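Please read the following walk through one protein chain with its sequence and coordinates at hand.

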Amino acid sequence: MSYRNGNYSAFYVDEPFSESNLGASATKDFISYNLLRAWKAADSDFPFNDSHKKNYNVRDGSDWERTLKPRLHDRINNSKNIILFLSSITKNSRALREEIDYGINTKGLPVIVVYPEYSEKSDIVTSSKNFKKQITDLWDNLPKFRDSMKNVPTLHIPNKKTLIKKALDDSDFMVATKCDANTYFYSP
């Protein structure tokens, strides 16, 4: 069994994807992922261990079945959870469907859902502790996630560094020590 200490980041970018392409760097989901990397670069104690660095990079022009999909699986196999960036621009791409399906339904990884367009806990849930419609509507952008999240613990948080750090340190959202499958949030 592999050592599962990484955080697998799942996010939508237009295809074909190239990290050096300015278009990719302008999408909310990819900007949020890059922010995690920047926080880690600035502070080695920030608890983000990027699974995307665990094997060599590939280009979207690579063969899906022989190269891209096995690379995604390898990265997920070495991960303790998934950080899913879910925003209004998120689309139901083949890569995201595969990441979510394999990560949740095959590997049982807990998911930390970060909403890049929201910055406060009160943006996620109502005062009566129900998810806001604007959040549940985003789940429809990724039906595989919406339909699979009942199988693992999912933590829903706004895009705020202190909350992301708290979530990454939370053992309830790591595969070896995960809590019961359910939807969770930090109370506003």
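The chain forms an open sheet of five strands in the order 1-2-3-4-5, with parallel pairing, where strands are DSSP runs of E with at least two residues and helices are runs of H or I with at least four, both numbered from the N terminus, and where two strands pair if DSSP finds at least two bridges between them. This is a predicted model, in which local features need pLDDT of at least 70 and side-chain atom pairs count only at pLDDT 80 or more, while totals for chains, interfaces and linings use all residues. Residues are numbered from 1 along each chain as its sequence is written, and side-chain values use heavy atoms, with hydrogens and water left out.

At the edges of the sheet lie strand 1 and strand 5 (182-185), each of which pairs on one side only. Averaged over the sheet, neighbouring strands are turned by 25° against each other, direction ignored. Strand 5 is joined to strand 4 (residues 153-158) by four bridges in the parallel sense, and phenylalanine 185 of strand 5 is the bridge partner of histidine 156.

Helix 7 (residues 161-169) packs on this sheet, touching strand 1, strand 2, strand 3 and strand 4, and its direction makes about 165° with that of strand 4; such angles run from 0 to 180 degrees between the N-to-C directions of axes fitted to C-alpha atoms, for helices over the stretch in contact. Helix 4 lies across strand 1, strand 2 and strand 3, and runs at about 145° to strand 2. An α-helix has 3.6 residues a turn, so residues three or four places apart point the same way. Just after helix 4, glycine 108 takes a positive phi of about 65°.

Beyond its neighbours within four places in sequence, leucine 84 is in contact (heavy atoms within 4.5 Å) with residues including Leu96, Ile100, Val111 and Phe145.
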